[in-house]
Amino acid sequence: MRKRGAIELQFNWVFTLIVGAAIFVFFFGIINRYTNIAASTTSANIINDLETITTGASVSRGTVQTIRLPNVDITFDCADCFCHYSIRGVSKQFRDKIIFAPSLIKGRNLIAWTLDWSSPFRVTNLLYLTSPYIRYIIVGNSNLALEINSTLPSELDRDYNATFPGSSIQDENNYKVRFVYVDVLPQNNDLANLVSMKDDDVTAISIDSSANPPKIDFYKKQGSVWSSSISTTYFTNTEDVIAAIFSEDADTYNCNMQSLYGRMAKVTRIYINRTYFFYTNPPSGCASTLYDMTALTTLESKSLILAQQFPPTNLNDLRDIITQTATLSTQNTRTQLWSCPEIY
Amino acid sequence: MRRAQLKMGETIAIMVVFFFLVVFGFSFYTRVQTSSFQQQYRRNIDLNAIQTVQKVSFLPELQCSFRNVQVDNCLDILKVERFYRELINHNDMLNYYYDLFGFSNITIKQIYPEGPTYYVYTKPLENASFSISTYVPVSLYNATSREYYIGIMEVRVYAK
């Protein structure tokens with residue numbers, strides 16, 4: 001009788017243990033699964049809201065907005081020029097948007113800034129995204145340096161130095177620091193107090209506006225000195241320079257420039273068709289020569305080349321864009337002087 | 001022996017009731033979640049419709065411009081006509097703008113003086129379960145005669 005009771009007691013304990021463990025595993029599985037689903041849903045909602053915000057921001061010209069977000073990390077990446085942004089593994093492609101941003105935006109605030117990109121007609125708005133916790137240090141006293149300094153919004157954490165700042169630059173606990181050397185080369189002394197920061201988090205660009213075409217070199221900190229130029233790319237206007245300032249590296253800048261020139265080719269095609277209409281049916285008092293299409297067709301063909309590869313293997317393609325942009329601008333002014341319908 | 005059997009039966013009954021409650025709670029939660037997902041889906045489609053309207057309203061390919069200054073809510077008829085012609089004649093153009101507008105129909109009806117309907121983009125979704133239409137009043141600019149007309153732009157976004 002005592003033996004049977006002992007077996008019964010043991011069986012009850014084993015039974016309770018097994019059932020308890022099964023219930024525990026069951027609920028743990030459910031909780032784990034739903035935690036993951038809830039996290040993914042939240043990320044997807046933030047991504048969708050961000051998509052709406054960026055669309056709204058990208059259609060309004062020249063605006064700066066500080067957007068409050070949940071405290072999540074937003075990563076930006078371009079793999080084989082498929083650019084996307086992600087939050088906790090949920091990604092969204094840029095698609096039609098042209099976004100220049102650092103690889104990581106941390107914190108609750110996101111700065112969204114748009115600038116109009118014209119060549120010479122408006123092609124699109126460039127969207128610049130960054131964090132107020134990233135520091136931008138502009139060095140140089142050329143006209144371009146002054147223009148960049150006056151153009152950058154006050155919402156950014158930025159310093160302007162006409163001469164090399166050297167050890168006056170202190171580590172202010174920013175998670176990224178970007179030096180912008182305008183018409184000067186990077187100086188190792190400027191890194192004196194930033195040696196403790198991770199190499200990947202301290203980067204620089206050096207802009208050479210006197211080169212033809214004007215160029216930009218990307219650098220990264222290597223211990224206490226700057227690396228040699230990692231890559232070289234090019235620009236045609238101030239908006240491009242600002243795009244390079246906000247881009248993590250030359251690859252992301254180049255990929256977005258490819259999208260930009262792809263977009264330019266499409267817009268140019270519409271202007272070619274419209275101008276051809278005026279060329280073949282000139283309004284009274286307007287000569288058809290006012291609507292010569294050489295500049296427009298060159299802009300289309302060159303932008304198609306740049307949409308395939310940026311920077312182009314033949315730099316003359318970029319130079320042609322710069323010269324034909326100026327030519328078309330003059331041509332458009334001529335239509336105004338003759339009180340004729342403008343080309344753009 | 002009978003007491004043990006009774007105890008075992010009692011335990012099993014408790015377990016059955018317990019799991020019944022779990023299954024009931026779980027199915028209730030799933031239903032609530034499904035309804036919440038449907039609401040979220042509908043919200044995303046609404047947002048998508050708003051985005052499409054914003055994109056088309058500020059597209060430089062369609063907007064009026066004077067000395068490269070864009071005029072809001074004004075569409076150049078010559079640009080609109082040529083834009084649509086490019087879309088229907090060139091697949092690469094249609095594919096490119098599909099990324100912008102997705103499955104939607106965008107038309108502009110000239111209402112004053114009464115005039116034609118201009119097509120901007122037509123890519124309806126086959127077997128769409130519903131569509132959202134947004135109407136935007138716009139100015140239509142005739143660059144040849146330099147006259148302005150009044151039109152209504154309809155942006156219809158399709159969804160499954």
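The lining of the largest pocket divides by class into 11 nonpolar, seven polar and seven charged residues. The model is predicted. This pocket holds about 700 Å³ of space. Its lining counts 25 residues, and R95(A), Q258(A), S259(A), Y96(B) and D99(B) lie nearest the centre. Several elements give two or more residues each: strand 3 (82-87), helix 4 (250-280) and helix 5 (294-308) of chain A, together with helix 3 (91-101) of chain B. Helix 4 of chain A gives the most, with eight residues.

R95(A) is one of the residues nearest the pocket centre. Its place is the loop between strand 4 (90-93) and strand 5 (99-100) of chain A. Phi of R95(A) is near 55°, a positive value in a residue other than glycine. Most residues other than glycine have a negative phi. Is R95(A) buried, partly exposed or exposed? Its relative accessibility is 45%, so R95(A) counts as partly exposed.

N127(B) is not a glycine, yet its phi is positive, about 55°. N127(B) sits in the loop between strand 4 and strand 5 (130-142) of chain B. At 66% relative accessibility, N127(B) counts as exposed, because exposed means over 50%.

Now the backbone at two prolines. Most peptide bonds are trans. The bond between S119(A) and P120(A) is cis, with omega about -10°. P120(A) lies in the loop between strand 7 (109-118) and strand 8 (122-130) of chain A. The bond between Y112(B) and P113(B) is cis too, with omega about -15°. P113(B) is in the loop between strand 3 (104-112) and strand 4 (117-123) of chain B.

How many cavities of 30 Å³ or more does a search of the whole structure find? The search finds two. The largest cavity holds about 240 Å³ of space. Its lining has 18 residues, with S58(A), V59(A), D96(A), T124(A) and R263(A) nearest the centre. Helix 1 (2-59) and strand 8 of chain A, together with helix 3 of chain B, each give two or more residues to this lining. Strand 8 of chain A gives the largest share, five residues. By class, the lining has nine nonpolar, four polar and five charged residues.

The second largest cavity has a volume of about 90 Å³. It is lined by 13 residues, and P102(A), K176(A), R178(A), T203(A) and E248(A) lie nearest its centre. At least two lining residues come from each of strand 9 (134-139), strand 11 (176-182) and helix 3 (238-246) of chain A. Strand 11 of chain A gives the most, with three. The classes here are six nonpolar, two polar and five charged.

Last, the packing. The largest nonpolar core has 88 residues, and I207(A), F246(A), Y253(A) and Y261(A) touch the most other members. Helix 4 of chain A supplies the largest share of this core, 12 residues. A second, separate core has 31 residues, including L75(B), Y118(B), V138(B) and L140(B). Back in the largest core, take Y261(A). Leaving aside residues up to four places away in sequence, Y261(A) touches W117(A), T236(A), D240(A), S303(A), L306(A), A307(A), F310(A), L318(A) and I321(A).

Methods:
Residues are numbered from 1 along each chain as its sequence is written. Chains are lettered from A and ligands numbered from 1 in the order in which they are written. This is a predicted model: local features need pLDDT of at least 70, side-chain atom pairs count only at pLDDT 80 or more; totals for chains, interfaces and linings use all residues. Side-chain values use heavy atoms; hydrogens and water are left out. Helices (H or I, at least four residues) and strands (E, at least two) are DSSP runs, numbered from the N terminus. Buried means under 20% relative accessible area, exposed over 50%, partly exposed in between (1.4 Å probe, protein chains only). On a 1 Å grid over the protein atoms alone, a cavity is a set of points where a 1.4 Å probe fits but cannot get out, and a pocket is an open set with protein on both sides within 12 Å along at least five of seven lines; lining residues have an atom within 4 Å of a point. Grid points are joined across faces, edges and corners, and a volume is the space filled by probe spheres set on the points. Ala, Val, Leu, Ile, Met, Phe, Trp, Tyr, Cys and Pro count as nonpolar, Asp, Glu, Lys and Arg as charged, and the others, Gly among them, as polar. A nonpolar core is a set of buried Ala, Val, Leu, Ile, Met, Phe, Trp, Tyr and Cys residues joined through side-chain atoms within 4.5 Å. Contact means heavy atoms within 4.5 Å.
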